[in-house]
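Here is a short briefing for a reader new to this structure. Have the sequence and the 3D view at hand.

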Amino acid sequence: MEEIEKLLEELKFEIGTTDALKDSNEKIVLGTGNFNGAVLFVGDDSNLYIDENLKVRPGSSGEFLIKLCDIVGLLPESYYITTLTKSEKNYRELEERDKRDLKEYLMMQVSLMNPKIIVALGQDVAELLLEREFKFLQEKGKVLDWKGDIKLLATYDANFAKKSRDDGGKRSKVAVEFWGDLKTIKNAIEGI
């Protein structure tokens, strides 16, 4: 474990040297939760977490995701949450070179973690991980084979699901489907 922690510190340093982040004072946070968890949530939303200890902003998409995980029975020890940039920046706003480097760093993080299932939060994240066009309406919520023994499930971006719930109530179509996808994840890790 000590070797993995050392590699993660090196990874954090490398992320901080990307053009988009090297001159900023932004704190690089690789993710939050249990790094040895079976589930890895990957999003492009800087509001998914504040620090490594599942700390989130009140009313944020991170708080929404964690509360739903608790309700569905996905306990904090079973998952880890990360973002594409590990910072306040959004991936889609970066230059191509930074995107390429950050994708490579994410792949390193995945190989160090070796989760059973990756949850792509949003179509952009799904396409980045699958390296192909993702037919969201047809493929969302399905457990797909990814790399090695790792499975992948794509669902809505947590912030989009939260806003849909806020605007349309608990029965909004997006919120109900997001909830269903979390239950699918819970069932999938129990069956792996």
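A residue counts as buried when its relative accessible area is under 20%, and as exposed when that area is over 50%. By that rule, 49% of the 192 residues of the protein chain are buried. Keep in mind that this is a predicted model.

**Overall build**
- The protein chain holds eight helices and six strands.
- Its radius of gyration is 16 Å, close to the 16 Å that the globule rule gives for 192 residues, so the chain is as compact as a globular protein of that length.
- Read from the N terminus, the order of elements is α-α-β-β-α-β-α-β-α-α-β-β-α-α.
- The C-alpha trace spans about 45 × 35 × 35 Å along its principal axes.
- Take the contacts between residues at least 6 apart in sequence: 64% of them join residues at least 24 apart.

**Surface and charge**
- The accessible surface of the protein chain is about 9,900 Å².
- Carbon and sulfur atoms account for 48% of that surface.
- Among the side chains, 29 are positive and 36 are negative.
- The centres of these two sets lie 6 Å apart.

**Strand E6 and its partners**
- Strand E6 covers residues 151-155, and four of its five residues are buried, so the strand is largely enclosed by the rest of the structure.
- Strand E4 (residues 117-121) pairs with E6 in the parallel sense, over five bridges.
- In this pairing, Leu 121 stands opposite Thr 155 of E6.
- Strand E5 (residues 144-145) runs antiparallel to E6, and two bridges join them.
- Here Leu 144 stands opposite Leu 152 of E6.
- E5 and E6 form a hairpin, with five residues between the two strands.
- Gly 148 sits in the turn of this hairpin and has a positive phi of about 60°.

**A closer look at Lys 89**
- Where is Lys 89 found? Lys 89 lies in the loop between strand E3 (79-83) and helix H4 (96-113).
- Its relative accessible area is 25%, so Lys 89 is partly exposed: the value falls between the 20% and 50% cut-offs.
- Beyond its neighbours within four places in sequence, Lys 89 is in contact with Ala 20, Leu 21, Glu 26, Asp 44 and Leu 94.
- Lys 89 and Glu 52 are 37 residues apart in sequence. In space they are 17 Å apart, C-alpha to C-alpha.

Technical notes
Residues are numbered from 1 along each chain as its sequence is written. This is a predicted model: local features need pLDDT of at least 70, side-chain atom pairs count only at pLDDT 80 or more; totals for chains, interfaces and linings use all residues. Side-chain values use heavy atoms; hydrogens and water are left out. Buried means under 20% relative accessible area, exposed over 50%, partly exposed in between (1.4 Å probe, protein chains only). Two strands pair if DSSP finds at least two bridges between them. The radius of gyration is taken over C-alpha atoms; the globule rule is 2.2 Å times the number of residues to the power 0.38. Contact means heavy atoms within 4.5 Å. Accessible areas come from the Shrake-Rupley method with a 1.4 Å probe; for residues, only the protein chains shown count as cover. Lys and Arg count as positive and Asp and Glu as negative; His and the chain ends are not counted. The place of a charge is taken as NZ of Lys, CZ of Arg, CG of Asp or CD of Glu.
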